[in-house]
Amino acid sequence: MQLKSMPVQTMAPRVEVPERRDTRVPSETPSTQPKVSVRDLDFFYGRTQALHAISVDIPERVVMAFIGPSGCGKSTFLRTLNRMNDVIPATRLSGKVMIDGHDIYAPGTDVVALRRKVGMVFQKSNPFPKSIFENVAYGLRINRITSSKSELAGRVEQALQDAALWNEVKDRLKTSALSLSGGQQQRLCIARALAIRPEILLMDEPASALDPIATSKIEELIFDLKKQYTIVIVTHNMQQAARVSDTTAFFLLGKLIEVNATEKMFTAPNEKLTEDYITGRFG
Amino acid sequence: MDLHRHLDDELSSLRDRVLLLGGEAELALERAMYALSERDSEVAREVLEHDDRVDHLEVEIDRQCIDIIALRQPAARDLRFVISVAKMAPVLERIADHACNIARAAIDLNNEPELKLAFDLGKMADHALIMLRAALDAFTSSDAQSAREIIKSDSAINDLYNHIFHRLIELMVTEPATATRDARLLFVAKHLERIGDYVTDICELTVYMAEAAFIKHTN
């Protein structure tokens with residue numbers, strides 16, 4: 001044995017193992033002030049109270065998912081964030097909804113400006129019976145956001161790229177939006193919402209009518225979009241909430257039962273009601 | 001609610017299977033130690049023959065866990081239960097493997113003159129068996145508190161092992177003619193000590209299942 005001639009270090013050099021990192025968190029650090037802050041929000045349809053004392057903070061550039069059984073108030077709550085409920089007669093609301101520190105229900109609030117800032121995508125894609133280009137350009141035109149044709153074309157292209165649709169439609173921008181598949185139509189609606197550069201994107205079951213491949217594209221898109229936008233998504237699909245969101249909120253009978261990090265929510269929720277719902281033992 | 005009842009049935013069947021595997025591991029250890037103390041090689045061979053059933057059960061549990069995860073997508077306590085079972089099954093299979101190794105040692109030792117020992121290897125085995133039974137009970141009742149107590153009791157097995165280790169080394173030095181048999185017994189003691197460690201793993205999984213707390217490697 002030539003022990004003396006053996007190198008001192010016979011073990012392989014130590015490999016530094018990086019800390020487990022949540023790949024769903026965007027690389028840029030969001031600000032600590034919540035983008036949306038809701039306090040003691042009650043909402044009524046006539047005499048029926050649909051939301052009870054909801055208080056929640058939504059940080060900037062995260063995806064927050066709302067889950068809960070049908071009729072639990074999650075869509076109603078979503079619509080309070082850009083005052084979409086204003087158009088429903090006999091509704092009233094108390095409490096505060098603050099976006100960037102401003103109460104969006106304060107007298108004098110410019111609701112059109114609010115909805116520019118807080119875009120919305122609905123369950124069923126609803127493209128206008130116009131060309132693909134015109135669908136995306138529509139909001140830019142009516143808001144007179146662009147000053148030249150080239151600027152308009154640039155904004156449309158950017159929105160379509162952000163919605164991961166550009167490569168599929170760039171050669172047929174003048175064809176009818178109605179010729180697109182269901183998944184493409186939904187991404188077109190997302191592009192339409194993105195074109196006016198909102199800061200918050202509300203999504204009300206955006207993939208519930210889509211097949212698994214189209215759903216997967218929407219989910220990938222949500223993942224990419226959160227680098228720039230704060231996204232609030234309502235979904236019936238708990239696996240979807242688990243896949244796309246950073247934070248999950250559980251609603252039941254108009255009450256917010258629990259808000260938690262999505263990992264915690266789906267492995268060890270704090271509330272028994274949440275656990276019963278997530279494990280399918282509700283009722 | 002039929003779908004949820006279906007999941008409950010599957011989880012219940014999984015629980016039954018893992019408890020069956022635990023029972024098999026417990027029986028294998030008990031019989032291997034009997035074969036050693038009573039010098040009954042026939043029983044030792046039965047333990048070895050029976051190990052195929054243990055292996056088969058482990059594979060069945062693996063498949064069942066994968067099926068439940070893929071098809072039922074369990075969450076929260078159901079997910080923790082399935083993950084705990086999936087990690088517990090190989091641990092129980094390893095305990096049965098250690099019992100087989102003890103059975104093999106018994107067959108070898110039974111072919112040699114009996115060695116009168118001044119220490120009680122049986123006491124160590126009894127302790128391991130009591131720990132294993134208690135760990136399976138704690139798992140069945142999701143009793144994290146009991147699981148934590150069992151983990152603490154592993155130190156008694158380690159103490160017994162250290163004591164036996166030193167006695168056997170002394171014996172090897174003072175009576176070199178018994179060295180081969182001493183070495184076999186040393187392996188038996190090591191197998192029992194490892195079983196204590198595996199029981200600790202089971203208890204850690206029970207704590208995770210019951211409380212979603214990771215206590216492994218936290219001393």
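This is a predicted model: local features need pLDDT of at least 70, side-chain atom pairs count only at pLDDT 80 or more; totals for chains, interfaces and linings use all residues.
**Entry 1: strands 1 and 2, chain A.** I looked up the pairing of strand 1 (residues 36-45) with strand 2 (residues 48-58) and found it antiparallel, over 7 bridges. Within this pair, I noted that A:Phe43 stands opposite A:Leu51 of strand 2. The two strands form a hairpin with 2 residues between them. In that turn, A:Gly46 has a positive phi of about 60 degrees.

**Entry 2: helix 6, chain A.** I checked the span of helix 6 (residues 182-195), which has 14 residues. From first C-alpha to last it reaches 20 Å, close to the 20 Å expected at 1.5 Å a residue. I then examined its burial and recorded that the helix is mostly covered, with 13 of its 14 residues buried. Just after helix 6, I found A:Arg197 with a positive phi of about 55 degrees.

**Entry 3: strands 9 and 10, chain A.** I turned to strand 9 (residues 247-252) and strand 10 (residues 255-261), which pair in the antiparallel sense over 6 bridges. I traced A:Leu252 to its bridge partner in strand 10, A:Lys255. This hairpin has 2 residues between its strands, and A:Leu253 in the turn takes a positive phi of about 50 degrees.

**Entry 4: chains A and B.** I looked up the contacts between the chains: 10 residues of chain A are in contact with 11 residues of chain B. On the chain A side, the elements giving two or more residues are helix 9 (262-267) and helix 10 (272-278). By class, I recorded 4 nonpolar, 4 polar and 2 charged residues on the side of chain A that touches chain B.

Note on methods:
Residues are numbered from 1 along each chain as its sequence is written. Chains are lettered from A and ligands numbered from 1 in the order in which they are written. Helices (H or I, at least four residues) and strands (E, at least two) are DSSP runs, numbered from the N terminus. The expected span of a helix is 1.5 Å times one less than its number of residues. A residue is buried if 20 or more other C-beta atoms lie within 10 Å of its own, exposed if 12 or fewer, and partly exposed in between; C-beta atoms are placed from the backbone. Two residues are in contact if their C-beta atoms, placed from the backbone, lie within 7 Å. Ala, Val, Leu, Ile, Met, Phe, Trp, Tyr, Cys and Pro count as nonpolar, Asp, Glu, Lys and Arg as charged, and the others, Gly among them, as polar. Two strands pair if DSSP finds at least two bridges between them.
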